[in-house]
Amino acid sequence: MSRARLHIQKLLAGLLPGSLSLIASVLLLSTLWASAADPLGATAHSDGTTTFRVWAPFVDGVTVRINGATAVALAREDGHPDPADTIWIGTVPGAKAGDQYRYAIERGGVTREFNDPRAQQLTGFDLPDGFGLAGNDDKPQSVIVDPNFTMPPFTGPTFNSMVIYEMHIGTFNNTFAGAVEKLDYLKDLGVNAVEVLPITQNPLFSDHAPPDHDWGYDPVQLFAVKSKYGTPQEFKEFVKQCHQRQIAVIVDVVYNHLVENNLLKEFGGFTLPEIPGGIYLYGGDRANTGFGPRPDYGRPQVRQYIIDNALLLLREYGVDGLRFDDTIDIRTFGPGRVANNEGAELLREINFSYRNTDPRQPGKITIAEDLQSSGDVTLQTGPAGLEFNSQWDDTMVNVMRDVVTKVNDSERNLSAVRDALQKKMASDVFTRVVYTENHDQVGHPPGQNRLPTLIDINDHESVFAKKRSTLAAAIMLTSPGIPMIFQGQEMLETRDFGFRTPTPVDFNRAADPKFRGIVQMYRDLIALRRNLAGKTGGLTGQNLNVFHLDDGNKTLAYHRWEHGGAGDDVVVVANFSNVPLPTLNIGFPRGGQWHVRFNSGAKVYDPSFENGDSFDTTANPGDKDGLNFNANVGVGPYSVVILSQ
């Protein structure tokens, strides 16, 4: 604190009693020292003060009430000639991290209290009587957070070597701190990125058991971390601990809608018939996505609100990427999918900002859940490009689920598998994320269930459930694209991912003799996909040639490579039938000896796997499958074999 500032505070304290001294001090500090360099929201300073800045246009006055004490007036901030851009500001001595506050905003003689739209922590969402349950609308309070945290530098994996583990904090291990306790398990599994379902504060739901369980896709506002999981500091510690294990953190963000009973609705009390939800929300045809109210992307301050949230996560929280939920409802609206250019521009601005404004972070990843197979999503230039790095692609999951759940081998459509492997939405094959399970695909029964339960409806842990679900996973993990698995998939989890009731990860399965071999199989596949031994570099490469497809014996084989040669060329051979093929003759891209690096039919993964032996082979000159060399390969029933030189 400057000497002049300290002197004036002491002078005021001597002239005015108690609360009047505080109010006058705040008003003077608001005028003289509160700086627009502080972001919107509550910023705690090392000198024992906190600056409050809030966007509240078309209102008569704003005060801040801290810990239920006397409200302290904020002043209109200079430099905002447009009334729609009015910001209120004040610096309060003694306000500190952990203090609770709300804004009291007056308009037309009526004063109402509102939570800070940019509060990173909220109270009032705890059981048994939290916000969302009847009679508790006045419970939430905003909390001043401690901004101090040391996040060591971290370089995330390259996109072509990334293997993502999608996880939900609450069911993975309850809290951020609980999740940290299980990170060594993920490190041992070999994944190098986690994609965390939304961590924003949701209301309580009376039809959920317990009411504070949710997937995270119903935010009350965008900045507050879900209190059930922990504090903002504890989330930062989770990120730090992931980084210490060389695991990147991608956070799922929900910018397409808010929950109906959100805390931004009618903020400040100003509404019009055209915008009945107030300054943060669209009116008219764009008002609702079907999931909830849509933010007004056309209003500059709302657009900046969303951009700032993305940058806060990437920069202050240190996360390594963002997965954007339901971008199609940001860039379009209505049943006819009318283009919403304001939403598209928002997406471009976010992607431009984190890469091109200081501190520039071009190595971080943004992933869209758009699901329209549009190349514009990852296009980096031109007016149509949204400039994402990658996007979810449902083709692989839809095709593989259809193929491996068929009862009769004759019904398995290998042409569809080939097409799924070959699908490209951009020149870079890693502009898509592929999976055979994700939270949606296993959380909306009937139909969207865990894959083993769809393969064998009578015995979810049968040899067929094991072999055909891992057959699908092996194709996915060797396919062009960024592979992703969902929590528990690697343990042959068969329970649905509960939407209204939690389904905690059962880590005992990882050591259970019935499933630990399946975990080892995923571990081996992930190591090969990441080329950890330096023998399967082609799995991180751009190139693919599906050179063999035989619908008679239901076999498929493909070549993955970047530059070609020993350690780079990879051949993947798949048997989609229940018939062992000990001497399948196929083409090879190079002559010489080829080593079996992986065999999903090996007994090491499960004692019940029969007739699955596979051995190194030698490719000799001779045209086969359009290639110049050929060799015999052993591949067991419903199995995948991976070979390289």
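**View 1. Packing of helix 10 against helix 11 in the predicted model.** Helix 10 (residues 395–404) and helix 11 (residues 414–422) pack with their axes 9 Å apart, at an angle of about 160 degrees. Because angles over 145 degrees count as roughly antiparallel, helix 10 is roughly antiparallel to helix 11. The crossing of the two helices is left-handed. Helix 10 contributes Thr395, Met396, Val399, Met400 and Val403 to the contact, and helix 11 contributes Ala416, Val417, Ala420 and Leu421. By class, 8 nonpolar residues and 1 polar residue form this contact of helix 10 with helix 11, with no charged residues.

**View 2. The largest pocket and its lining.** The space in the largest pocket amounts to about 710 Å³. Its lining consists of 35 residues, and those nearest the centre of the pocket are Pro39, Leu40, Arg118, Phe223 and Asp308. Two or more lining residues are given by each of strand 1 (41–44), strand 2 (49–55) and helix 7 (300–316). Helix 7 supplies the largest share of the lining, 9 residues. Divided by class, the lining of the largest pocket comprises 21 nonpolar, 5 polar and 9 charged residues.

**View 3. The second largest pocket and its lining.** The volume of the second largest pocket is about 460 Å³. Lining this pocket are 26 residues, of which Tyr217, Phe291, Asp325, Glu369 and Asp440 are the closest to its centre. The class composition of the lining of the second largest pocket is 8 nonpolar, 7 polar and 11 charged residues.

**View 4. Surroundings of Phe154.** Phe154 is located in the loop that lies between strand 10 (141–143) and strand 11 (164–167). With neighbours within four places in sequence left aside, the residues in contact with Phe154 are His243, Gln246, Ile247, Ala248 and Asp320. Phe154 and Val319 are separated by 165 residues in sequence, whereas their C-alpha atoms are 9.8 Å apart in space.

Notes: Residues are numbered from 1 along each chain as its sequence is written. This is a predicted model: local features need pLDDT of at least 70, side-chain atom pairs count only at pLDDT 80 or more; totals for chains, interfaces and linings use all residues. Side-chain values use heavy atoms; hydrogens and water are left out. On a 1 Å grid over the protein atoms alone, a cavity is a set of points where a 1.4 Å probe fits but cannot get out, and a pocket is an open set with protein on both sides within 12 Å along at least five of seven lines; lining residues have an atom within 4 Å of a point. Grid points are joined across faces, edges and corners, and a volume is the space filled by probe spheres set on the points. Helices (H or I, at least four residues) and strands (E, at least two) are DSSP runs, numbered from the N terminus. Ala, Val, Leu, Ile, Met, Phe, Trp, Tyr, Cys and Pro count as nonpolar, Asp, Glu, Lys and Arg as charged, and the others, Gly among them, as polar. Axes are lines fitted to C-alpha atoms, for helices over the stretch in contact, and angles run from 0 to 180 degrees between N-to-C directions. Angles under 35 degrees count as roughly parallel, over 145 as roughly antiparallel, 65 to 115 as roughly perpendicular and the rest as oblique. A crossing is left-handed if the near helix is turned anticlockwise from the far one by less than a right angle, and right-handed if clockwise. Contact means heavy atoms within 4.5 Å.
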